[in-house]
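Q: I'm new to this one. Can you walk me through it?

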Amino acid sequence: MTIEKILEEKLQADLTKVTHESQNSTFVGISAKFEQKIFVKVFAQEGKFLTEKSVNEQLNTRVLDSFVVKQTQQFVLVMKDLAPSDIKEEINPDMAFNMGIELSHFHQKVKPFSGIYLNNQLFNKSKRDIDNLNKPEIKNKLLKLLAQFTAERADIEKDLAVHANTVLHGDVGLRNYKIVADHLSLIDFERARMGVNYQDFIKLFYQDFGLNKELIISFVKGYEKCGQKVAITPVTQAFLIFITAIGIMKYTEKIEDKPFEKIGKQMLATCSSFLNTGSLNESLNNMNAIIL
């Protein structure tokens, strides 16, 4: 019996599979058991299942049920359907400002929970991740940058120890901002983890904002309007961009994605510019990601 049929029987629902960018299976439908429209998310990994559940339970009253399907060893979260809609218009400064406000609210509301990924020992992890890469050109560039950051390791780790106290969303991007009941909202919390608030900005700035200075400034103003600040130093920001780039290089070595790989290389160009190894022509645009 398929997971869809198992869920339909258990939830007394006629479910429709939702096309989703993540590796999870998602379904929507009317449930006779809960007498309402439901959104069902099926996880292969228990950690992501527990994380999504824990964050939702802090933010809202959406969670209706959760259980393990023993036949398939999958983890199921049943929630009220919010009927979210995609943002259709192009990002402008006003939207970027509101995106900053929404992320600030998330960072303030969500507190650490049992089992949350701590995301620490970043220097040691980065060295392991680089060593496991196969492409010599990328590997050598990353090792060179890591050596330069290592010269600042004591200060960076001290900075991280003080400020890595935020529950991050973990996957902030335009695709995870939706319109719910006419309000801009963040969705998908399975990658939540501990860290520095700035870490949640990085992929958004590069991937969706295209390092547009006006959008970045508006976003930060929205974020700071709610009393939140980016307190880490520029060198720590550059190091966190470097860590993000390593993650992209790991991913694109396994799954070919040239546009995403290009973003990772842009991040490395920012680090090179910051550490005075990039060309002056690169530096102005690349440095937009660093909040001074």
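**Strands, rings and a charge**

Q: Which residue stands opposite Lys41 in E5?
A: Leu77 does. E5 is a strand, covering residues 74–80. Strands are DSSP runs of at least two residues, helices of at least four, numbered from the N terminus.

Q: Where does all this come from?
A: This is a predicted model, where local features need pLDDT of at least 70, side-chain atom pairs count only at pLDDT 80 or more, and totals for chains, interfaces and linings use all residues. Residues are numbered from 1 along each chain as its sequence is written, and side-chain values use heavy atoms, leaving out hydrogens and water.

Q: OK, back to E5. How many bridges join E3 to it?
A: Six. Strand E3 spans residues 36–43 and runs antiparallel to E5. Strands pair if DSSP finds at least two bridges between them.

Q: And how many bridges join E4 to E5?
A: Six bridges there too. Strand E4, residues 63–69, is also antiparallel to E5. In that pairing, Phe67 stands opposite Val76.

Q: What do E4 and E5 form?
A: A hairpin, with four residues between the two strands. Gln73 sits in the turn. Its phi is positive, about 55 degrees.

Q: You mentioned Phe67. What sits over its ring?
A: The charged end of Lys10, 4.7 Å from the ring centre. To count, NZ of Lys or CZ of Arg must be within 6 Å of the centre and within 35 degrees of the ring normal.

Q: New topic. How many aromatic pairs does a search of the whole structure find?
A: It finds 15. Rings of Phe, Tyr and Trp (its six-membered ring) pair with centres within 6.5 Å; planes under 30 degrees apart are stacked, over 60 edge-to-face, the rest tilted.

Q: Why is the pair of Phe239 and Phe242 tilted?
A: Because their planes are at 40 degrees. The ring centres lie 6.2 Å apart.

Q: Where do those two sit?
A: In helix H9, residues 234–254. Phe239 and Phe242 are three residues apart there, so about one helical turn separates them.

Q: Buried or exposed, Phe239?
A: Buried, with a relative accessible area of 0%. Phe242 is buried as well, at 0% relative accessibility.

Q: Which residues do ring pairs link into a cluster?
A: Tyr198, Phe201, Phe205, Phe209, Phe219 and Tyr223.

Notes:
Buried < 20%, exposed > 50% of the residue type's maximum accessible area, 1.4 Å probe, protein only.
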